[in-house]
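Here's a quick briefing for anyone opening this structure for the first time. Keep the 3D view handy as you read.

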Amino acid sequence: MNTVYTTCRYCEAACGLAVQVQNNKVEKIVADKENPQTWRDICSKGLTAHELVEHPRRIKAPMKRVGDSFVETTYEEAISVIAARFNELIAVHGADSIGYYHGNPLGFTSGVMFSLGWVDAIGTRNRYNVGSIDQNNNHVVSSALFDLPYVPFNPDIDRCDYLLMIGMNPAESKFSWLGNASDGWARARERQSQGAKLVVVDPRRTRSAQQADTHLSIKPGTDWAFILGLLHTVFGENLVDSAACAALPAAQLESIREIALAADQANLSGRCGIDAEDIRQVARDYAQATGAMCLTQTGVSMHTTGTLGHWLGLVLDIVTGHLDKPGGRRFDTGYINMTEFAATGNQSETASRVRGQLTVMGNRSLAELPDEIRTPGPGQIKAMVIQSGNPVVSGPNGQLLDSALAELDMLVAVDLVQRESHRHADWLIPGVHWLEREELLFNLAGGMDQPFAQYSAQAVNPPESIRPEWTFFVDLALAMKVPFMGKKGANTMIRISRVLARLLRKPQWAFSPGLLERLMLKGAKTFSWRQLQNSPHGLQYRDRAYGQLQAQMRGKAIQIGPAQFCTELQRLLDKSNQPGTEYPFTLIGKRTLNMMNSWLMELPNMQKREQGNDCEINPADAHSLGIKEGAKIEVTSAVGSLSIKARISDRVAPGVVCIQHGWGSRVFSPVDKEEPLCFGVNVNQLVDNAAIDPFSGIPNLNSTRVKVTVCADT
């Protein structure tokens, strides 16, 4: 038996794995205990990765739809037919007639850059990615404050004295999200034993909340009101850091100060459901701590005021002098400066034709996709490529998107299995799992709390019938005769590199992600390729540094009070906070240790362990509605309804119900037409795709209003 040391590539944590392989088959995956960064933090995603490689319904060759069935074909035929049809559509309707979406489980691999190279080649503006589900408001705030669209902040846990966590549950879903702290929760608990204070702000009493010093139960979607309450005290009691504030634009700082001080503390308390004295005490303790950080994560992101929540969290860090300081959120350039790289990419903000919503990092909001497909006129999407994504399940109002996808002229799915979003696909193109490839994840270079890099080795070979999906996109660009990455002469260079590599028997010379990785590492001059290869468990290339953000900004002042954010904040303050009576409950989501994403729920062995999701409801609410434990209930919103089993739990506050996301996706069997595999229900079918954050386009995935009734057949 051979052991291969590699990394998990399902999220930015990039956990170190020891993969035990025999006869090109993974026998077992365990944590790499010689990896100094991540081995204690391993979760079920990495440990079950081989189950997806060996999925009984895995796509192992290109397949084309013939009637209601799929038949295997060659890459040559697939590329030829797809290229011809795309070119026909572009000739008649323009480049925007082709849409593109990418997500996971291939989304963190280096090959994604090559699929984006094809997108740049055809020049479509109809680009979508998973970021508009949970993270785009971070990019909006970074662009507004720092003039940089991608700024990962890594929590400096080991020096933190006051850790304020809003909308996150690191005990069950890791300490990584646009910045990483490996083994973060265990380190936070260790810091807690040394006297640091851990405060969790969450509508649900999660495992993290139970283990924290303080749990503040907040009304869903009101994080902005809570943080504004903290700023009211910070400004009112002059708890600001004078040096940090002196470096800020005076007029912008004054705008925020005026809004915070004019806000009524009792009103803010009523809006967020947290006692006013508790808000004041948190503000005082936070501001006076030597090292502190306010972490706003997916619970803050995934509703219509998420941008304001993230912005105000950064404002709190900045005015109290905690940002990019020991014990706070720390910016790191990484061994390859992806913040600099992202700033040079396709960042032009263009407004969508149907809603006028601005793009974020060049991508449109997934919430707009059904309208962009169905609305006639210039720019209407006629065909799409969905790469390693399942937007029908992970996005809002999946029924609407599913029916829109059925109307496309052509749908191409690039993935490991045929999933819910591929139901209407005309072509299925197989993908190569990250266990079947080697790569350096330079796109995550700045996202480690300790400057660290690891080359991800290949554990097993893919089936001989499967080519890496990045080659599909390169070959598609060549067949369409469009310049790869939008660069004139790129296609000629690609062809020449392939010829030279074959003639000289130097496969590494061919244009590929591996070649790009080597060139970027060589240009960065942080460490050598040989050093990396000689460090199978990873390489710590320097110590932590602080203050790099200001250097990255090249002396520019932080634009702390963007006018558009201040205007929207004032609008929210002026708006009544009284909910309607037709939908008296607020629906939130959750994660657990085993089940996190729709593709994870599609693994057969995982489905045997977890038989579906349920709806948590407070005992008082259950009693008033006559709901018994395990009863079948109907949960209804303005756009959808679903039946689900009730779980009575005091973890959720009265007026709140909780359903885990990611369930309800089907895995189809395109070869033999067996019944699709499916467990649980898709909670996102209750989410209206019309209600979105005005800045980021993120839908109301975490605070949808619903009503609950007992099913008649219970």
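In this predicted model, the second largest cavity is lined by Thr7, Ala14, Tyr335, Leu441, Leu444, Ala445, Met448, Phe452, Ala453, Gln454 and Ser456. The space inside that cavity comes to about 130 Å³. Sort its lining by class and you get eight nonpolar residues, three polar ones and no charged ones.

**The largest cavity**

- In total, the model has four cavities of 30 Å³ or more, and the largest has a volume of about 250 Å³.
- Its lining takes in 20 residues, and Asn138, Phe153, Trp177, Leu178 and Arg329 are the ones nearest the centre.
- At least two lining residues each come from helix H6 (136-146), strand E8 (153-155), strand E12 (292-296) and helix H16 (306-319).
- H6 gives the largest share of that lining, with four residues.
- By class, the lining of the largest cavity splits into twelve nonpolar, seven polar and one charged residues.

- Ile496, Val499, Leu500, Leu503, Leu504 and Trp509 together make a nonpolar surface patch of about 570 Å².
- One of them, Val499, sits in helix H22.
- Val499 counts as partly exposed because its relative accessibility is 35%, between the 20% and 50% cut-offs.

**Lys487 and its loop**

- Look for Lys487 in the loop that links helix H21 (469-480) and helix H22 (490-503).
- With a relative accessible area of 55%, Lys487 is over the 50% cut-off, so it counts as exposed.
- Lys487 and Ala121 are 366 residues apart along the chain, yet 7.7 Å separates their C-alpha atoms.

Methods:
Residues numbered from 1 in each chain as written. Predicted model: local features only at pLDDT ≥ 70, side-chain atom pairs only at ≥ 80, totals over all residues. Heavy atoms only, no water. Buried < 20%, exposed > 50% of the residue type's maximum accessible area, 1.4 Å probe, protein only. Patch = residues over 30% accessible without salt bridge, like charges linked within 9 Å, V, L, I, M, F, W, Y side chains within 5 Å. Areas by Shrake-Rupley, 256 points an atom, 1.4 Å probe, with all protein chains shown as cover. Salt bridge = Lys/Arg side-chain N within 4 Å of Asp/Glu carboxyl O. 1 Å grid on protein atoms, 1.4 Å probe; cavity = no way out; pocket = protein on both sides within 12 Å on 5 of 7 lines; lining within 4 Å. Points joined across faces, edges and corners; volume = space filled by probe spheres on them. Nonpolar A, V, L, I, M, F, W, Y, C, P; charged D, E, K, R; others polar.
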